[in-house]
Number of protein chains: 4
Amino acid sequence: MEASGWAKSYNPPNLRRTSVWRAGYPGVQGHATKHDWQRTSMSDIHKRIADSFNAQGLMATVGATLSLVAEGEVHIALPFSKALSQQHGYVHAGAITSIVDTACGYAALTKAPPECDVLTAEFKINLLRPALGEHFLAIGRVLNSGKLLTVCTGEVRAFSGAGSAHKVVALMQATIVNVRR
Amino acid sequence: MEASGWAKSYNPPNLRRTSVWRAGYPGVQGHATKHDWQRTSMSDIHKRIADSFNAQGLMATVGATLSLVAEGEVHIALPFSKALSQQHGYVHAGAITSIVDTACGYAALTKAPPECDVLTAEFKINLLRPALGEHFLAIGRVLNSGKLLTVCTGEVRAFSGAGSAHKVVALMQATIVNVRR
Amino acid sequence: MEASGWAKSYNPPNLRRTSVWRAGYPGVQGHATKHDWQRTSMSDIHKRIADSFNAQGLMATVGATLSLVAEGEVHIALPFSKALSQQHGYVHAGAITSIVDTACGYAALTKAPPECDVLTAEFKINLLRPALGEHFLAIGRVLNSGKLLTVCTGEVRAFSGAGSAHKVVALMQATIVNVRR
Amino acid sequence: MEASGWAKSYNPPNLRRTSVWRAGYPGVQGHATKHDWQRTSMSDIHKRIADSFNAQGLMATVGATLSLVAEGEVHIALPFSKALSQQHGYVHAGAITSIVDTACGYAALTKAPPECDVLTAEFKINLLRPALGEHFLAIGRVLNSGKLLTVCTGEVRAFSGAGSAHKVVALMQATIVNVRR
């Protein structure tokens, strides 16, 4: 996998690599490896999430891509665009929220019973600093999953250029509900 | 002011009408009336907010328009578009959040000292039901404004068609900070 | 019902009075009136909530009393005590949170199916100003109730003395989940 | 330092030990070591926080003790008591919230400019499971500190007995504001 600069500085934490699907950063397709995961194979889970992601008009509209799907963790990448700006030229909190909400929802889906879909009941987000950068990465992680509710934490990292360190621009805490399909 | 169907069913609550600027719903320009408001005229406040709104790439991208500016209350309208959907075809929580966050921010700005700009520090949003409708209206209202922090409540209403009653699809509680320009 | 000064200034809003149980403010017991309410009489609902309230060690420890039970709205009163202070002598945010969380939970219970109990999944609270006063009143209201989740808004009002106007010191938005008993 | 059972299972994470003040768990006084920390010695910071903690009526009322003060992290311990219960006998969410709000506030204070005091502007808390246990430990950590606002994350761990593993019962995300004394 050949990844351009900004992605090299990104290191996905705490993942059991056998259960990870990872897209190229950007534009290079990764591949899934099989594993036993809640009686559903990783490739099944990844396919389900990728299909769902691709059915989202908003993700295409903002230019977001699904970057990583692992058990309890999903990443979504977003390049900067003027079409996403707020009045000072930074990325609008709404665009930042859109990708990290989506990342948290799919992270919860990786832990949901196979017969369930997920809905975000609510979230809270702190905007830590202006969303200034060339690329953004939203990371959603499951903190606790129950039969009915899943609690996720999310963050959005801003990358200013090739090889640069990131800054965390937003922090989310979300409650997602399992609903029977 | 001639407004098309969905807007007729919308009744802006609790506004002193002399301090209200209101756009047509949709496409018909309203006009501001003068008033004494923090030593800044309503038309000044409205112009400042309209200019800021128009400088937001994201608001144009999602198709939102500024509908009403009053002291402590701002409305933003959003027609349904497939480009804003989540995977089931409803409007994505991120788009809903984008408009109500913006409405709360500008509502706070109407109460901020003239030398200050505002930044959203954080918000929490409950998504009460799927965002299903033809038009959406985000309403941001100041609940309490201090020297430093303003607390707003926001809601998003969904309208299914001409003359229909609305349903509240989202409820927000936001903290906005005054920063010197 | 004879109520001392601070309570006279309190006016419970938007209640259908036939469905309201109200305690004296303070110390004088009110009484419930019968009504048809989710196939459970008001006196049943009130009794269930009063019994539950009285089983809470914390409510007795902080000195809180149940003031009003109505469909979708519950009030809890708390007199000032040094035993509840934070370091500057005001009432601690934790005590303020305790009563408004409880008020929201019981408000949700008035809307829950008879076979269900309720649990607070999460809440967010803004502390608008120091909790300075002689008496406090927490008001929990149901904003939206679904089969599974109920969203409540809560506020805490501070009363400085007999006949005084109140100030809102805290604002809550809470998600409560119905669970089968 | 000799600590009884429940504390042995507790391992404070990610602390530079030279900047840590730690109480015995329970009842054995720890001691501070000097360090250079925002031009204020650790013992100064600890003394300021301990004095403030001891001035809180509510912390004494619920039986909480200050367990650890480090740069950006504060712990507060709470033994189970029936006086803190909700209606099912677990510890009330309000008591859980009280200790983790306090822990977050003091964590923020360790990062505040020396001339500032801190106030909690708002927080959001998810209650992950019933607060069932013999001892509880609230951990507040600074995630981001700016000139004006500090964002903390907090959690509350429940310990069921000597040497037992803990369960996280609550997760908080809080915004704390620096105010000049």
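What follows is a short exchange of questions and answers about this predicted model. Residues are numbered from 1 along each chain as its sequence is written, and chains are lettered from A in the order in which they are written. Because the model is predicted, local features need pLDDT of at least 70 and side-chain atom pairs count only at pLDDT 80 or more, while totals for chains, interfaces and linings use all residues.

Colleague: Which element gives the most to the side of chain C that touches chain A?

Modeller: Counting residues as in contact if their C-beta atoms, placed from the backbone, lie within 7 Å, the contact takes 7 residues from chain C and 7 residues from chain A. Strands here are DSSP runs of E of at least two residues, numbered from the N terminus. On the side of chain C, β6 (116-127) and β9 (166-180) each supply at least two residues, and the element that gives the most, with 3 residues, is β6(C).

Colleague: Which residue in β5(B) is the bridge partner of B:E73?

Modeller: Strands pair if DSSP finds at least two bridges between them, and 7 bridges join β3 (residues 73-79) of chain B to β5(B) in the antiparallel sense. Within β5(B), the partner of B:E73 is B:R141.

Terms used: Contact = placed C-beta atoms within 7 Å. Helix = DSSP H or I, 4+ residues; strand = E, 2+ residues; numbered from the N terminus.
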